[in-house]
Amino acid sequence: MAAAIVNEHLPTPLDATSEQPPLFDGTTRLYVSYTCPFAQRVWILRNYKGLHDKIKLVPIDLQNRPAWYKERVYHENKVPSLEHNGKVIGESLDLIKYVDSNFGCPSLQPDDPAKKEFAEELITYSDTFNKIVFTSFKGDTVKEAGPAFDHLENALHKFNVGPFFLGNDLSLVDIAYIPFVEKFQAFLSGVWNYDITAGRPKLTKWIEEVNKIDAYKPTKADPKVVVEMFSARFLAKH
């Protein structure tokens, strides 16, 4: 069961002129960018588990990022990263498992062995899914991206009870895919007029249910911003 709704004031992103927050002062900090889908995974989970008071959100301006972030916080200079218990760790798929395991109920990982195995397969496949779709932006986009969304449609038939990948309950699998499906849907629709839900009833229902999740709503990006951001990155003429 998701935590109660929290109307959180989102802090202003820190840029090259911003002072560094204290490091290892006992506060757990989640460094994010408001437009980064990798960071959004951990942000959604943090909200869903009601960890607003336990994990402080620290947004970074990736276009004008502060030097101290790479030098003193996270040498990889990427988001997300989590400052917890005297260390800083990164990689979004590792982080959603870490946060789920280290920060209270509800757990979003299944106990059932069949679901556990399938969850691992899908979480691993998420990198492949993203690569296929991102690569398609440089080629025959609709033809190349289509099979990736077909894979999700088929996966949603596996446990044919409830709208989510593992059935009735939201899991880390859903959280791994939500930010990317959101942004891919906006970009493919806005630029190619391609509807990823056409002919995919399970994916259609999944997106509908995801959009009802209060923990997800404040993390959503404006579709126009997504189209502009992705167009500049993938469609810019060199």
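This briefing covers the salt bridges, the sheet and several helices of one structure.

The model is predicted: local features need pLDDT of at least 70, side-chain atom pairs count only at pLDDT 80 or more, and totals for chains, interfaces and linings use all residues. Residues are numbered from 1 along each chain as its sequence is written, and side-chain values use heavy atoms, with hydrogens and water left out. Helices (H or I, at least four residues) and strands (E, at least two) are DSSP runs, numbered from the N terminus.

**Salt bridges**

- Side chains of opposite charge can pair when their charged atoms come close.
- The structure holds twelve salt bridges. A salt bridge is a side-chain nitrogen of Lys or Arg within 4 Å of a carboxyl oxygen of Asp or Glu.
- Glu8 and Arg46 form one of them, at 2.7 Å from N to O. This pair links distant parts of the chain, 38 residues apart. Glu8 sits in the segment before strand E1 (28-32), and Arg46 sits in helix H1 (residues 37-48).
- Glu8 is partly exposed, at 28% relative accessibility. Arg46 is buried, at 1% relative accessible area. Here buried means under 20% relative accessible area, exposed means over 50%, and partly exposed lies in between (1.4 Å probe, protein chains only).
- Asp100 and Lys49 form another salt bridge, at 3.0 Å from N to O. Asp100 lies in helix H3 (residues 92-102) and Lys49 in the loop between H1 and strand E2 (55-59), so the pair ties together parts that are 51 residues apart in sequence. Both Asp100 and Lys49 are buried.
- Salt bridges that share partners join Asp25, Arg29 and Glu83 into one network.
- Asp25 is partly exposed, at 41% relative accessibility. Arg29 is buried, at 3%.

**The sheet**

- Strands of a sheet pair through backbone hydrogen bonds, either parallel or antiparallel.
- Four strands form an open sheet here, in the order E2-E1-E3-E4, with mixed pairing. Two strands pair if DSSP finds at least two bridges between them.
- E2 and strand E4 (87-90) are the edge strands, and each pairs on one side only.
- Neighbouring strands of this sheet are turned by 20° against each other on average, direction ignored. For such angles, axes are lines fitted to C-alpha atoms, for helices over the stretch in contact, and angles run from 0 to 180 degrees between N-to-C directions.
- Strand E3 (residues 81-84) and E4 run antiparallel, joined by four bridges. His84 has Lys87 in E4 as its bridge partner.
- E3 and E4 form a hairpin with two residues between them. Asn85, in the turn, has a positive phi of about 55°.

- H1 lies across E1 and E2, running at about 150° to E2.
- H3 packs on the sheet and touches E2, E3 and E4. Contact means heavy atoms within 4.5 Å. The direction of H3 makes about 125° with that of E4.

- Helix H4 (residues 113-136) has 24 residues. H4 reaches 34 Å from its first C-alpha to its last, close to the 34 Å expected at 1.5 Å a residue. The expected span is 1.5 Å times one less than the number of residues.
- H4 has a kink of about 30°, centred on Ser126. The bend at a residue is the angle between axes fitted to the seven residues ending there and the seven starting there.
- The buried residues of H4 include Phe118, Leu122, Tyr125, Ser126, Phe129 and Ser136. Their cover includes H1, H3, helix H5 (141-155), helix H6 (172-192) and helix H8 (223-235).
- H5 has 15 residues, which should span 21 Å at 1.5 Å a residue. Its end C-alpha atoms are 22 Å apart, which agrees.
- Among the buried residues of H5 are Ala145, Gly146, Phe149, Leu152 and Glu153. What covers the buried residues of H5 includes H4, H6 and helix H7 (201-210).

**A residue in H7**

- Thr204 is found in helix H7. Thr204 is partly exposed, at 24% relative accessibility.
- Thr204 and Ser136 are 68 residues apart in sequence, and 21 Å apart in space from C-alpha to C-alpha.
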